[in-house]
Structures are given as C-alpha cells and as structure tokens.
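Hi everyone, and thanks for coming. I'd like to walk you through a structure that is new to this group, so please have a look at it first.

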Amino acid sequence: MGLTLVLAGPAAPAAAHATLIGSDPANGAILNEPPRQLVLTFTEPVRLLPDRITVIAPTGEQLDIGEPTTDGTDVIIPVPEVFDIGTYLLSYRVISQDSHPVTGALTYSVGAPSDVPEPVAEQAVRSEVLTALSINRYIGYAGLVLVVGPAVMLAMLWPQRLSRRGATRLVYTGIGLIAANTLIGVWLQVPHSNGGALFDVTAGEVRDVLSTSYGTAHIVRLGVLVAVAILLRPLLTGRASRSDLILLGGLGLIGLGTWPVAGHPIASPVPLVSVVVDTAHLAAASFWIGGLVVLVGLLLRLANQRELEVILPEWSRWAAFAVTVLLLAGLVQGVVEIASLDGLFTTEYGQLLLWKVGLVAVVVAVAAYSRRLVRTRLAASRPSALRLAVAAEAVVLAGVLVVSSVLVLTTPARTELAAENAAQAAQTGDLSTTVESDLYSLDVIVEPGQQGSNAVHLTAYTLDGVPQPVVEWQATASLPSAGVEPIEIPLLPLTDNHATGEVALPAAGDWVFRFTLRLSEIDQASVEVPVPIS
C-alpha cells in the first residue's frame with residue numbers, strides 16, 4: 001500500500017484566482033495526535049460557501065466539523081478530536097475576492113497513513129458556464145463602447161445640423177446591453193460559484209450572490225444605469241448644460257468602477273490603485289472604440305467636408321489622449337498583475353496580455369496613419385481612405401475586447417507564480433520513499449529535509465503490502481562525506497507497524513539514514529536511504 005499524499009482539486013486552474021499556498025497540518029503530514037483545527041492559507045482572502053468544506057475520516061465517514069471562519073488569508077476549520085488511525089481527506093470550495101471559485105483537497109494522517117478516503121463529489125465550473133461568462137463579459141464591454149463613445153461625441157463633436165437619431169440609438173442599445181450583462185452576470189455567478197448547471201439557479205442563491213461585494217457592485221451598476229438613462233435626455237437632444245455633463249461624467253465613472261470592483265483589481269496587492277487604473281483603462285478604451293464606431297458609421301458618411309475639417313483634428317487630439325491613458329493604465333495593470341518578467345512569458349495570463357499588446361500596437365499604427373491624413377488635411381477631401389482606416393481600427397479593437405473578455409477569467413500571473421513557488425517550496429527537501437529488504441517494505445518520510453530538526457516517520461509492511469508488526473526499531477543518520485559518524489535517532493512506536501522520531505542534523509549534505517527492524521527473535525534486516533539535506 002503506497003502513500004497518496006497529494007490530491008488534485010477538480011477545478012480547472014484558470015477558474016481559480018486565489019490559490020492555496022499552505023496548510024496546517026501540511027498536505028501529507030503524519031501526526032502523532034489528532035489536530036484541534038485545520039488551517040488553509042491562500043494567496044488572498046476568500047469567501048466561504050455554506051457546507052462546502054468537508055473532512056472525511058479513514059472510516060469513510062464525514063466528520064462533524066465546526067463552523068469554518070476566516071482570518072486574513074487563512075481559513076480556520078475546527079475539527080472534533082477523533083483518534084481514528086489513518087488518513088483524513090479535507091476538501092474545500094471557497095470564493096476568491098474577484099468572485100472566482102477555488103476548489104481542491106489535501107490529506108493528513110493520524111498515527112499512520114492508510115488508503116485515502118473517497119471525497120465528497122465536487123463539481124468543477126462547467127464549460128458552458130465559462131463560455132457564457134466570456135460572452136457576457138463581451139456584451140458588457142460592447143455596451144460600454146456604445147454608451148461612452150457616442151455620448152462623448154454627441155456632447156463634444158456633433159454638428160448641430162445633423163440628426164442625432166443614429167447616435168442616440170447606439171447609446172440606448174449600449175444601455176440595454178449593459179443592463180443585460182449586469183442581470184445575466186448575477187445569474188451566472190451562482191453556477192460559477194457552486195459548479196451547478198447553467199439554469200439550475202434558485203431565488204435564494206441569487207439573493208446570496210446579491211449579498212456579496214460582487215452583488216453589491218452589480219446593484220450599484222444597475223442604479224447608475226437607471227440614473228444615466230433618465231438624465232441622458234438633455235445630452236441626446238443637444239440641450240445639455242455644463243452641470244448636466246459633469247453629473248453624467250461622475251455617474252459614468254462610478255458605473256465604470258463597478259467592473260474592477262467585481263474583478264481582478266479588487267484582489268490585487270494594491271486594490272485602490274488597481275481599481276482607479278482599471279476604471280481609467282475602461283473609460284479610455286470605451287471612448288476610443290465608441291468614437292471610432294460613430295466616426296465610421298455616422299460622421300464620415302453624413303458630415304460635409306467643412307464639418308469634417310473641424311471634427312477630425314479635434315477627434316485626433318481626443319483619441320491621442322485616450323490612447324495615452326490606455327497605454328499608461330495598461331502598463332500599471334501589467335506591472336501589478338504580472339509581478340515579474342518571467343510571468344509575462346510563462347503564464348497564460350502573461351501570454352494573453354502579450355496578444356492584447358500586439359493588437360493594440362497594430363491599432364496604434366493604423367491610428368497614426370489616420371492622424372497623418374488629418375494633419376495633412378487629406379481626411380476631409382478623402383473620407384473613404386479615412387473611413388477604411390477607422391474601420392480597420394474598430395475591427396482590431398473588437399479583437400482586443402475578445403482577448404480582454406478571456407483575460408478577466410484567467411488566473412493573474414502573480415497568483416499563478418505564487419502557487420508554483422509555494423508548491424516548489426513544499427516539495428523542496430521533504431523526502432518520501434519506499435525501500436525494501438528481504439523481510440519487509442518500509443515507507444520513509446523525512447521532513448522538512450533541511451539542516452536542523454527533522455521528523456522521521458516509518459511505516460512497515462510485508463512484501464505483499466500488509467501491515468507488518470515490528471518488535472524493535474533502530475535508526476541512525478550519518479554524513480560520510482564530512483566525516484560525521486552515525487547519529488542515533490530515538491524512535492517512538494505509535495502502532496505495531498508505525499514509528500516516529502526526531503533528529504537534529506548539524507550540516508547540509510548527502511546524509512545516509514540506516515533503519516534496522518527486528519520482526520521476531522531471529523528475523524531482523526537493515527535498509528539504507530540516502531537523504532539530501534539542504
């Protein structure tokens with residue numbers, strides 16, 4: 001019987017934006033006494049779901065655990081003092097700060113390891129739910145584009161003689177898309193959190209979502225949307241005063257801020273900076289793309305040459321400012337979310353960001369061509385050339401929105417790298433191996449495998465995998481390369497086939513552990529295990 005010490009959680013890595021980086025007891029630990037509580041440590045604070053943390057005893061029965069609580073990035077789980085010898089399975093499903101589910105499992109043993117019990121069935125986020133989330137994100141971004149861009153163009157650059165009907169329709173279409181995105185987003189958060197089916201949602205579960213920070217952000221967004229829809233009429237009819245525009249601008253910024261509050265930025269190491277920067281990023285992108293839609297679809301077709309000679313230079317300056325904000329905000333976002341140059345190339349998030357940067361570079365190049373047309377006053381006389389360039393900008397920016405919709409559902413590079421570093425740290429030094437003599441098989445664990453105090457766990461089996469009773473245990477550790485003679489390791493038998501001990505190793509190097517097990521008056525055998533100590 002081998003030791004199964006690490007269990008993979010059922011959720012796809014990209015669905016989880018907080019990651020387990022430690023636990024007490026550690027995954028795979030063998031304890032002399034049952035713990036009073038279990039602690040899970042994540043890369044960021046998480047929200048608990050009712051009845052989604054379970055502990056299964058070696059007997060296969062689910063323990064009656066206490067109510068889990070959170071303390072910073074720790075989840076604390078009280079457990080009853082049960083002394084069933086064997087391996088326990090802890091499984092969990094929690095929600096990260098940016099609203100994504102985090103699932104997984106780990107084991108620990110009391111007395112001696114045993115077969116890992118069967119976990120409670122836990123559902124990964126279904127593929128159709130992830131697809132619906134990406135599509136809904138795109139709907140929301142499209143709504144922002146159709147509200148912000150046309151509204152600003154109507155306020156700043158619209159000729160009085162032209163009908164405002166086309167731009168007004170775009171704005172109301174955008175409001176409808178944002179409303180749909182917000183309502184669908186609340187609905188989808190239920191199966192996204194619990195792993196259920198797309199339409200298996202109850203009113204109570206929706207109420208639970210609305211009671212979270214994610215739900216609050218969506219309620220605020222709906223409220224802002226209603227207020228904007230009511231206050232937009234003066235702007236849409238061309239009678240907006242300065243105070244009307246200031247009020248609409250303030251409401252717009254609040255509404256835009258609900259996106260980062262319900263996403264990655266709220267879980268960043270500097271949430272206030274990330275939320276502000278992401279809001280600016282959304283505002284600049286929405287204005288730029290929305291303005292392009294208005295230009296290519298309406299103004300370049302309806303405005304005369306004289307009007308275009310006024311509109312295009314002004315639009316060019318506004319667009320240049322939006323691009324500058326977009327690039328600066330993107331740079332800050334990248335620094336926060338990537339955290340290292342390595343993460344830019346080795347993580348899915350970093351690679352998607354590179355694709356986004358590449359698409360934006362193409363757009364900037366096309367925009368530079370458009371600006372050259374404007375500066376040389378060829379745009380008004382050659383509107384077809386400018387219309388083609390602007391249309392190209394809009395198409396490529398639509399691709400940017402697609403990449404952005406996927407990016408927000410992808411684990412940030414900083415989180416992925418933190419999880420990898422934690423996993424490597426957990427594996428460094430610890431030794432878990434099985435050796436055999438002519439009489440028995442011996443499972444050996446030495447932890448943490450570092451200079452100083454180390455725990456030793458020994459579990460004996462017959463060569464057929466049946467627990468092997470041991471009459472006497474002996475163990476030593478030596479470092480031949482440094483001339484360190486064998487150090488005796490005192491061992492305490494916990495059961496008839498399991499013993500534990502502790503030894504202080506004074507130096508790093510390739511140690512040799514020697515174990516001698518006496519099975520009867522005449523049956524005795526020794527085995528040696530090389531143990532690298534860092």
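Let me begin with a question: is Glu-472 buried, partly exposed or exposed? Glu-472 is partly exposed, because its relative accessible area is 30%. Please keep in mind throughout that this is a predicted model.

Now, Glu-472 has a partner. Its side chain meets that of Arg-518 in a salt bridge, with 3.0 Å from N to O. Glu-472 sits in strand S12, which covers residues 472–479, while Arg-518 sits in strand S16, residues 509–518, so this pair ties together parts that are 46 residues apart in sequence. And how covered is the arginine? Arg-518 has a relative accessible area of 19%, so it counts as buried. The cut-off for buried is under 20%, so Arg-518 with its 19% falls on the buried side.

Which residue does Arg-514 pair with? The partner is Glu-528, and the closest N and O atoms are 3.1 Å apart. Arg-514 is partly exposed, as its relative accessible area is 38%. Glu-528 is partly exposed too, with a value of 49%. Exposed would need over 50%, so Glu-528 at 49% remains in the partly exposed class.

How many salt bridges are there by the rule used here? The count comes to four. One more that I'd like to show you is between Glu-314 and Arg-317, where the closest N and O atoms are 2.6 Å apart. Here the two residues share an element: both lie in helix H8, residues 305–338, and they are three residues apart, about one turn of the helix. Glu-314 has 28% relative accessibility, so it counts as partly exposed.

H8 packs with H7 at an angle of about 150°, and their axes are 8 Å apart. That angle makes H7 roughly antiparallel to H8.

Val-364 is in helix H10, residues 348–375, and its relative accessibility of 32% makes it partly exposed. Val-364 and Ala-320 are 44 residues apart in sequence, and in space their C-alpha atoms are 9.3 Å apart.

Which residues make the nonpolar surface patch of about 370 Å²? They are Val-226, Ile-230, Leu-231 and Leu-247. Helix H4, residues 213–231, gives the largest share of this patch, three residues. Val-226 is found in H4, and it counts as exposed because its relative accessibility is 53%.

I'll finish with some backbone details. The peptide bond from Asp-24 to Pro-25 is cis, with omega near 5°. Pro-25 is in the loop between strand S1 (20–24) and strand S2 (29–31). Further along, the bond from Glu-447 to Pro-448 is also cis, with omega near 10°. Pro-448 is likewise in a loop, this one between strand S10 (441–447) and strand S11 (452–461).

And where does Asp-51 lie? Asp-51 is in strand S4, residues 46–56. Its phi is near 60°, which is a positive value in a residue other than glycine. With 72% relative accessibility, Asp-51 counts as exposed.

Terms used. Residues are numbered from 1 along each chain as its sequence is written. This is a predicted model: local features need pLDDT of at least 70, side-chain atom pairs count only at pLDDT 80 or more; totals for chains, interfaces and linings use all residues. Side-chain values use heavy atoms; hydrogens and water are left out. Patches are made of residues with over 30% relative accessible area and no salt bridge: like charges are joined within 9 Å, nonpolar side chains (Val, Leu, Ile, Met, Phe, Trp, Tyr) within 5 Å. Accessible areas come from the Shrake-Rupley method with a 1.4 Å probe; for residues, only the protein chains shown count as cover. Helices (H or I, at least four residues) and strands (E, at least two) are DSSP runs, numbered from the N terminus. Buried means under 20% relative accessible area, exposed over 50%, partly exposed in between (1.4 Å probe, protein chains only). Axes are lines fitted to C-alpha atoms, for helices over the stretch in contact, and angles run from 0 to 180 degrees between N-to-C directions. Angles under 35 degrees count as roughly parallel, over 145 as roughly antiparallel, 65 to 115 as roughly perpendicular and the rest as oblique.
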